[in-house]
Amino acid sequence: MKVIAVLNQKGGSGKTTIATHLARALQIGGADVLLVDSDPQGSARDWAAVREDQPVPVVGIDRPTIERDLKSLVRKDFVVIDGAPQAADLAVSAIKAAHFILIPVQPSPYDIWATADLVDLVKQRIEVTDGKLKAAFIVSRAIKGTKISAEIAEALSGYDLPVLESRITQRVSYPSTAAAGTTVNDADPDGDAAREVLALANEIKRLLI
Ligand SMILES: Nc1ncnc2c1ncn2[C@@H]1O[C@H](COP(=O)(O)OP(=O)(O)OP(=O)(O)O)[C@@H](O)[C@H]1O
Ligand SMILES: [Mg+2]
């Protein structure tokens, strides 16, 4: 079982959008997946509840007991944790439970600066685990045709954590499919949005081997 935590204390960075899509993309790829909503706002649970025939199982663990609680849950191929904004104790708990930390960052310097505390926590944990924990940034809500995403990737390199090659673009299809409790991969499986999500899922799978 591999646990992927999508974390960033900065609100609105795209955690829930990425966590729901990543969970669904891994599932479409044939894996047995659980999405853990660690945000007391319950956004991932709200998303799941819209659809009666929701294929993605979602549970809420919004107390800093994620590591312990996951141990007592049924085995899955992948567990994706949707992180909470702020709440440092929840972030620590998710970091301890995770094999891979995915940090979505919007292409703006404010968002890069705001990740400093999280990066410190993650790096400490990487050290404690002798490098078994992996972590990477993903550029989230990238605006197509702008150079800022490339500049951001360069600015992020100062943090000494890799930046994934795949990125998630700003597209109306993300909120519009979320409103229906579904994903871009369900709405238009061959579209550009679905393709970028599958690329993300495949890149993470490769890095987790
Ligand atoms: N790639 C995208 N394209 C268009 N809209 C997006 C994209 N990613 C996120 N959004 C929108 O931006 C808002 C914030 O995204 P989301 O809820 O995924 O972020 P979050 O990090 O989970 O926020 P919070 O910190 O509140 O949990 C939502 O309205 C969402 O629909
Ligand atoms: Mg969220």
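How many bridges join strand β1 to strand β4, and in which sense do the two strands run? The points below take up this question and others on the predicted model.

1. Basis. This is a predicted model, in which local features need pLDDT of at least 70 and side-chain atom pairs count only at pLDDT 80 or more, while totals for chains, interfaces and linings use all residues. Residues are numbered from 1 along each chain as its sequence is written, chains are lettered from A and ligands numbered from 1 in the order in which they are written, and side-chain values use heavy atoms, with hydrogens and water left out.

2. β1 and β4. Strand β1 (residues 2–6) is joined to strand β4 (residues 78–82) by 5 bridges, and the two run parallel. Within this pair, A5 has I81 of β4 as its bridge partner. Strands (E, at least two residues) and helices (H or I, at least four) are DSSP runs numbered from the N terminus; two strands pair if DSSP finds at least two bridges between them.

3. The sheet. The 6 strands form an open sheet in the order β3-β2-β4-β1-β5-β6, with parallel pairing. β3 (58–60) and β6 (134–139) each have a single partner strand, so one side of each is left without a neighbour in the sheet. On average, neighbouring strands are turned by 20° against each other, direction ignored. Helix α10 (residues 192–208) packs on the sheet and touches β1, β4, β5 (100–105) and β6; the directions of α10 and β5 make about 145°. Contact here means heavy atoms within 4.5 Å. Axes are lines fitted to C-alpha atoms, for helices over the stretch in contact, and angles run from 0 to 180 degrees between N-to-C directions.

4. β5 and β6. These two strands pair in the parallel sense over 6 bridges, and I103 stands opposite F137 in β6. Although β6 is at an edge of the sheet, 5 of its 6 residues are buried (under 20% relative accessible area; exposed is over 50%, partly exposed in between, with a 1.4 Å probe and protein chains only).

5. H99. Where does H99 lie? H99 is in the loop between α4 (88–97) and β5, and is partly exposed, with a relative accessible area of 29%. Not counting residues up to four places away in sequence, H99 touches M1, K2, V3, K132, L133, K134 and L208. A polar atom of the H99 side chain lies 2.8 Å from the backbone nitrogen of V3. Such a polar contact is a pair of N or O atoms within 3.5 Å; within protein, one must be able to donate a hydrogen and the other to accept it, and residues adjacent in sequence count only if both atoms are side-chain atoms.

6. Positive phi. D130, not a glycine, has a positive phi of about 55°. D130 sits in the loop between α6 (116–128) and β6 and counts as exposed at 71% relative accessibility. R141, also a residue other than glycine, has a positive phi near 60°. R141 lies in the loop between β6 and α7 (148–156) and is partly exposed at 33%.

7. Ligand 1. Which of the 18 residues around ligand 1 come nearest? They are K15, T16, T17, T169 and R171, where a residue counts as near if one of its heavy atoms lies within 4 Å. An oxygen atom of ligand 1 is 3.0 Å from a polar backbone atom of G12; for a backbone N or O atom of S13, the distance to an oxygen atom of the ligand is 3.0 Å. A polar backbone atom of T169 is 2.8 Å from a nitrogen atom of ligand 1. Taken alone, ligand 1 exposes 620 Å², and the protein buries 79% of that (Shrake-Rupley method, 1.4 Å probe; for residues, only the protein chains shown count as cover).
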